[in-house]
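Hi,

Here is the two-chain structure I promised to pass on.

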Amino acid sequence: MSTNTRSTDEAKPLTSHPRAHNKGTSSTTTSEEGLIQWNELMPQDNPIPYIRVKDFSFFYGPKQAIFDVNMDMGKNRITALIGPSGCGKSTLLRNINRMNDLVENVRHKGDITIDDDSIYDPSIEIISLRKRIGMVFQKSNPFATSIYENVIFALRVAGRNNRKELDEVVERSLRGAALWDEVKDRLHSSAMGLSGGQMQRLCIARAIANRPDVLLMDEPCAALDPIATVKIEELMLELKKEFTIVIVTHNMQQAGRCSDYTAFMYLGKLMEFGTTQQIFTNPKVKKTEEYVAGKMG
Amino acid sequence: MSESNVPSASDSPSSPAPKRERKPTPARFLVSPVTLWIDFLMTWVIKVGGIGVIVAVIGIMVFITWQVLPLFSGASIQPHDEVKMTMPNPAVVGMDEWGELPFAYDGDRTFEFYDAHGKNPPQKVTIALPEGEKVTATRYFPEKYSLVIATDKGNVGQIKVRYDAEYKDGRRTVVGRAELGTLEPLIDLPAEAAAEANPATASPAPAPGTPAPATPGSETPAAPAPAPTPATAAVAAQTSTKITVIDRGAGESNALVGAILKVGEKRELRAITFKAKRSIRGAGKMTLDQRYDLTGQLKAAPAQLLVPSTADALIVADDSGQVSYFFQDGDKFELRQSFQPFADSTGSKAIARMDFIFGDVSIVFSGENGQSRVFSLCIPAENNPEQKRIFALTKEFPPLAGPATFFASSQRNKAFLTGSGKQASLRYTTTETIRWEKNLDFDIRQGIIGAKYENLAFLDASNVLHVYELHDPHPEAGFNAFFGKLWYEGLAGPEYSYQSTGGTDEFEPKLSLIPLIWGSIKGTLCALIFAVPIALTAAIYTSQFLDPNLKRIVKPTMEIMASLPSVVLGFLAALWVAPRVADRVPSLLLILVLITLCPLLFGWIWNKIPKIYRLWMRPGWEWSLMLPLLVVLCVIGWNLGPYFEEIAFVYVDPNTGQRYADFGLWWKHTTGGGYDQRNSMVVGFMMGFAVIPIIFTIAEDSLSNVPAGLRSASLALGATRWQTAWEVVLPIASAGIFSALMIGLGRAVGETMIVVMATGNTPLMDFNLFSGMRTLSANIAVELPEAPQFSTHYRVLFLGALLLFLLTFVVNTLAEFLRNHLREKYKGI
């Protein structure tokens with residue numbers, strides 16, 4: 001995958017700080033429900049739409065959690081989902097790799113495609129879909145094995161046991177998660193001995209070990225202290241060179257600091273979607289303004 | 001908000017006292033006394049309850065231990081009375097059942113009875129022996145209070161010692177009596193003497209079958225019998241020919257008297273048999289049948305002689321230390337065995353004493369150097385090509401200080417009292433242990449064990465009888481008896497055997513707990529082998545794969561199953577399962593194979609089905625497709641069983657060539673093990689049903705309690721449901737699963753009713769899947785109602801309980817350690 005993630009015309013704006021580009025983005029139009037169409041959003045950036053959510057509704061039993069969401073998430077961009085608790089942002093995130101299928105009595109309407117493949121296509125194995133999409137959870141959840149075994153879990157379950165390959169993957173993934181220098185001397189000691197921030201970075205390393213296309217992050221810094229948070233954020237900026245990242249966060253500063261695009265959700269509806277700059281400086285919807293300004297939620 | 005209650009801050013500095021007054025607490029901050037009181041009360045109730053539980057468990061443990069401890073204590077002995085015997089050098093001393101009226105016999109015609117408390121003067125009793133006749137040999141049978149005597153005229157007689165209670169002035173006094181029965185001619189000693197004096201004209205020994213009435217001894221009236229038989233000639237020869245050793249054994253319809261004759265300088269061995277004519281009214285009077293001279297079959301002069309009470313054998317020890325065992329086979333005495341008890345001795349091989357242990361099956365041989373060995377009749381497997389019942393060395397005791405000078409056998413059990421010089425030693429044959437041993441401060445000439453095994457008495461050189469109280473309630477118990485391999489009388493070798501009660505008085509309880517422990521382990525293993533795979537796979541399936549809606553039904557149902565009374569399961573096992581399964585073992589084997597293959601087959605087919613059709617089935621409901629297949633396979637297996645039996649389990653009778661398609665027969669002849677209807681398989685099956693819900697419930701809980709985040713992480717990384725269950729969930733739940741197994745194990749070990757009802761309760765020790773067993777718990781349930789309180793049997797049952805207690809305790813402690821270890825390993829999740 002890494003070969004086609006770096007087309008030359010994209011490389012330049014992406015390496016710069018998110019706040020530095022997309023200046024003066026104003027030519028977006030808002031539909032009557034606050035839905036923003038991708039094509040009108042960022043003419044300068046113009047990334048490839050990778051994950052497309054189409055008329056997506058989601059139900060927990062009789063309760064509808066997501067109402068007709070339409071949005072595109074750009075390849076090699078960080079898309080942040082923000083909104084008050086219970087707004088459906090985590091649900092949307094967890095639907096991208098169909099983790100919500102594990103919940104009982106759920107159903108959905110509409111579709112989500114990744115690289116134009118529907119995730120609900122019956123011919124797609126859910127296992128291979130999940131291999132394609134890495135996920136980092138709010139609470140770090142390393143397995144009770146060694147650091148090494150944690151990182152290569154995805155390879156182990158795929159039956160890849162070549163020692164040399166595994167060693168390479170461990171080093172590459174841990175370096176990718178900026179953890180290598182801290183743990184390289186104790187790769188075979190228990191992952192339970194790591195600090196909270198290290199554990200979360202280990203989970204990131206584990207998620208990227210199999211080189212997925214997409215990385216979903218569900219409030220990855222919620223349980224971390226500010227120093228660890230900064231490290232994870234820096235890491236995300238590194239990772240987006242290779243992956244398409246979707247992040248759910250409650251932290252406005254975090255969304256502002258590291259995301260390229262921000263979607264504000266409220267009561268299961270997508271209220272506003274735009275560049276981060278635009279959402280934070282010039283929100284079109286009143287709710288967004290209230291939320292971003294801290295008046296709500 | 002009543003501000004008036006709160007003193008303003010400006011008030012405090014104005015008060016000059018350094019002691020600051022406490023500000024009153026506003027009412028809203030006050031705690032109601034009732035609340036405090038309830039809190040205090042509940043704290044204490046919980047404390048008391050918690051400590052109470054611990055105290056109760058420890059109390060039970062202490063109580064059981066208390067009941068068991070006496071089993072492991074030795075005998076204790078307390079001086080009771082001392083009786084000065086006026087008779088010099090008594091040949092025999094004996095004692096009544098209560099140890100109150102010991103007697104002494106001078107070896108001729110005088111008995112003296114002494115009051116043990118010294119209140120009454122000695123009673124002197126003279127037996128009605130004809131004038132001029134002298135007793136030359138005696139033997140005392142303490143269990144019958146009778147003596148056999150032989151006189152210098154070659155007659156044999158029996159003296160009964162009786163204790164009669166008389167009431168004088170309202171007080172009970174015990175009067176000792178000694179009565180001589182009819183004297184019977186045994187050997188014509190004058191003729192023997194004449195033959196010895198003049199061998200040339202010697203007439204042969206009196207012809208066999210001489211009609212000389214012999215008494216069995218009991219029913220003869222007390223009237224003195226007139227001295228029969230001619231006994232006047234050859235007075236001179238009498239000095240040189242006499243009976244020196246005599247012994248008698250009497251069965252119901254026959255009797256055997258053995259005698260060693262001193263003829264001049266030579267000694268001869270004689271055996272005389274008596275027979276009673278049997279009629280419809282039972283055995284009649286004994287008449288002399290045959291006389292035998294067995295001297296020729298001995299290599300050296302006979303010195304000692306024993307006749308067992310079965311009256312069919314003679315055991316003779318000669319001067320060289322050789323023991324000859326003659327067995328009466330019809331009209332002949334066959335020298336069945338000849339052995340030297342102390343053949344390996346470096347010094348003298350001679351035998352100082354040989355005496356029967358109670359039951360007349362074992363003989364204690366005492367060597368010249370104090371060695372003490374027990375030989376018992378048995379059919380040894382080795383060196384015994386004809387499979388005859390012969391003597392074999394079964395026990396060896398630590399040697400005495402010197403050659404045994406006295407010996408007394410208990411009349412209750414296999415204990416015997418022996419010693420040398422000042423040393424006295426009370427030993428127990430079966431367990432090969434010394435119950436008590438001490439050097440007394442006098443030389444012991446004779447020793448007595450009271451009839452009830454409650455008294456001991458020693459006669460010292462100055463004719464003082466020292467009576468001791470013996471406290472040894474459990475002589476047959478001890479570590480050896482419970483956990484060692486013991487060579488019981490009659491067995492071919494040492495073995496672990498449990499048989500606590502028997503039909504006869506001579507029966508010796510066999511108390512090895514090893515077969516019971518074995519039974520417990522076997523039953524538990526059978527149950528766990530059946531239950532663990534089912535319970536664990538069911539728990540994994542339910543927690544990881546089954547549809548959550550269905551799980552809400554399955555889980556409580558299994559929990560209800562756990563509370564099914566085990567007596568119902570046992571009843572079902574014994575009366576319903578066992579008879580049906582008895583002739584359907586091949587069907588079960590088939591079903592077992594089919595059930596195992598079914599999911600594999602189903603899984604394979606399922607994976608071949610295109611994904612489009614598979615999506616049609618909701619995850620967690622796949623089983624509903626397999627269930628009909630499973631049922632069909634079970635029915636097929638059940639019905640194909642008999643055909644399978646005809647192919648695989650055919651026993652061909654080697655004699656008739658007939659073919660039997662019968663699993664039981666086949667099993668018996670192929671493995672050598674028996675086939676019982678109520679067997680370990682049925683127990684395993686039914687006890688499994690008792691254990692499965694417990695293991696299932698706890699294991700399922702621990703599997704379900706694995707943090708969802710870890711499952712999500714694993715699934716999100718592209719692991720399948722099975723990989724997630726196996727690689728992530730199982731290791732973390734391992735501590736809980738381990739607990740589940742241990743609790744299941746504890747349940748199976750302690751399970752009683754199912755085992756009692758579904759097995760034959762035979763304490764076997766084998767690996768046979770189709771034989772029964774007896775477990776520790778079943779043993780307690782079965783035998784406690786028939787065990788008298790505080791008897792050895794009673795305490796042994798408590799020992800079984802203690803073992804169960806300890807077993808559970810040890811298993812649970814180990815389990816807790818392991819569980820903590822596992823929990824430690826996976827903590828922080």
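Predicted model: local features only at pLDDT ≥ 70, side-chain atom pairs only at ≥ 80, totals over all residues.

**What I found**

Leaving out residues up to four places away in sequence, B:Gly370 touches B:Pro399, B:Leu400, B:Gly402 and B:Pro403, where contact means heavy atoms within 4.5 Å. This glycine sits in the loop between strand E21 (362-367) and strand E22 (372-378) of chain B. Helices here are DSSP runs of H or I with at least four residues, strands are E runs of at least two, and both are numbered from the N terminus. B:Gly370 is buried, at a relative accessible area of 0%; buried means under 20%, exposed over 50% and partly exposed in between, with a 1.4 Å probe and protein chains only.

Residues are numbered from 1 along each chain as its sequence is written, chains are lettered from A and ligands numbered from 1 in the order in which they are written, and side-chain values use heavy atoms, without hydrogens and water.

Another loop residue of chain B is B:Ser497, found between helix H5 (479-483) and strand E31 (498-499). B:Ser497 is buried too, with a relative accessible area of 11%. Beyond four places in sequence, its contacts are B:Tyr488, B:Lys510, B:Leu511, B:Ser512 and B:Pro515.

Now chain A. Its secondary structure comes to 13 helices and 10 strands, and 55% of its 297 residues count as buried. Of the contacts in chain A with a separation of 6 or more, 68% are between residues 24 or more positions apart. A:Thr276 belongs to helix H12 (residues 276-281) and is buried, at 5% relative accessible area. Its side chain makes a polar contact of 2.8 Å with that of A:Ser259. (A polar contact is a pair of N or O atoms within 3.5 Å; within protein, one must be able to donate a hydrogen and the other to accept it, and residues adjacent in sequence count only if both atoms are side-chain atoms.)

How do the chains meet? Here 24 residues of chain A are in contact with 26 residues of chain B. Together they bury about 2100 Å², 65% of it on carbon and sulfur atoms; that is the accessible area (1.4 Å probe) the two parts lose on being put together, summed over both. A:Glu104, A:Phe153 and A:Val157 supply 23% of what chain A buries against chain B, more than any other three residues.

Last, the cores. The largest nonpolar core has 172 residues, and A:Ile51, A:Leu92 and B:Phe482 are among those with the most contacts inside it. Such a core is a set of buried Ala, Val, Leu, Ile, Met, Phe, Trp, Tyr and Cys residues joined through side-chain atoms within 4.5 Å. Helix H15 (residues 721-750) of chain B gives the most to this core, with 14 residues. Apart from it lies another core of 22 residues, including B:Ile159 and B:Ala451.

Cheers
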